[in-house]
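Dear colleague,

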Amino acid sequence: MEENILIYTMIGLVWTIFMEVYTTRNLDPPYNKPWNTVERLSHLILWPINLTIFLYYLFNPGNNE
């Protein structure tokens, strides 16, 4: 059980670090600001949902209107 929690947390940590670096380097102002603690914790805990949404829109960008 503890091993599963550790794996889940480690994947979430890697995802959170990647997402913060990606958004702060690639988004235009004012969206490229460093994250606060609440944003980091929400991505760390809910990483499967956030990763799914990110990948969906990465591969299905939709209209550019």
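Tyr8 is partly exposed, with a relative accessible area of 35%; this class lies between buried (under 20%) and exposed (over 50%), computed with a 1.4 Å probe and protein chains only. The model is a predicted one, in which local features need pLDDT of at least 70 and side-chain atom pairs count only at pLDDT 80 or more, while totals for chains, interfaces and linings use all residues. Residues are numbered from 1 along each chain as its sequence is written, and side-chain values rest on heavy atoms, with hydrogens and water left out.

Aromatic pairs

The structure holds seven aromatic pairs. Rings of Phe, Tyr and Trp (its six-membered ring) pair if their centres lie within 6.5 Å; planes under 30 degrees apart count as stacked, over 60 as edge-to-face and the rest as tilted. The pair of Tyr8 and Trp47 is tilted, because the ring centres are 5.4 Å apart and the planes stand at 50°. This pair links distant parts of the chain, 39 residues apart, with Tyr8 in helix α1 and Trp47 in helix α3. Helices here are DSSP runs (H or I, at least four residues), numbered from the N terminus. Trp47 is buried, at a relative accessible area of 13%. Ring pairs also link Trp15, Phe18, Tyr22 and Phe54 into a cluster.

One salt bridge was counted, the term meaning a side-chain nitrogen of Lys or Arg within 4 Å of a carboxyl oxygen of Asp or Glu. Glu20 forms the salt bridge with Arg40, and the closest N and O atoms are 2.9 Å apart. The partners, 20 residues apart, join helix α1 (Glu20) to helix α2 (Arg40). Glu20 counts as buried at 16% relative accessibility, whereas Arg40, at 33%, counts as partly exposed.

The backbone oxygen of Glu20 also lies 3.2 Å from a polar atom of the side chain of Thr23. Thr23 is in helix α1 (residues 2–26) and is buried, with a relative accessible area of 10%. Leaving aside neighbours within four places in sequence, Thr23 is in contact (heavy atoms within 4.5 Å) with Tyr31, Asn32 and Trp35.

Surface patch

Leu41, Ile45, Leu46, Ile49, Ile53, Tyr56 and Tyr57 form a nonpolar patch on the surface, with about 730 Å² of accessible area together. Such patches take residues with over 30% relative accessible area and no salt bridge, nonpolar side chains (Val, Leu, Ile, Met, Phe, Trp, Tyr) being joined within 5 Å and like charges within 9 Å. Accessible areas come from the Shrake-Rupley method with a 1.4 Å probe, and for residues only the protein chains shown count as cover. Helices α2 (37–45) and α3 (47–59) each supply at least two residues of the patch, and α3 gives the largest share, four residues.

Yours sincerely

Note on methods: Polar contact = N/O pair within 3.5 Å; in protein donor to acceptor, adjacent residues only side chain to side chain.
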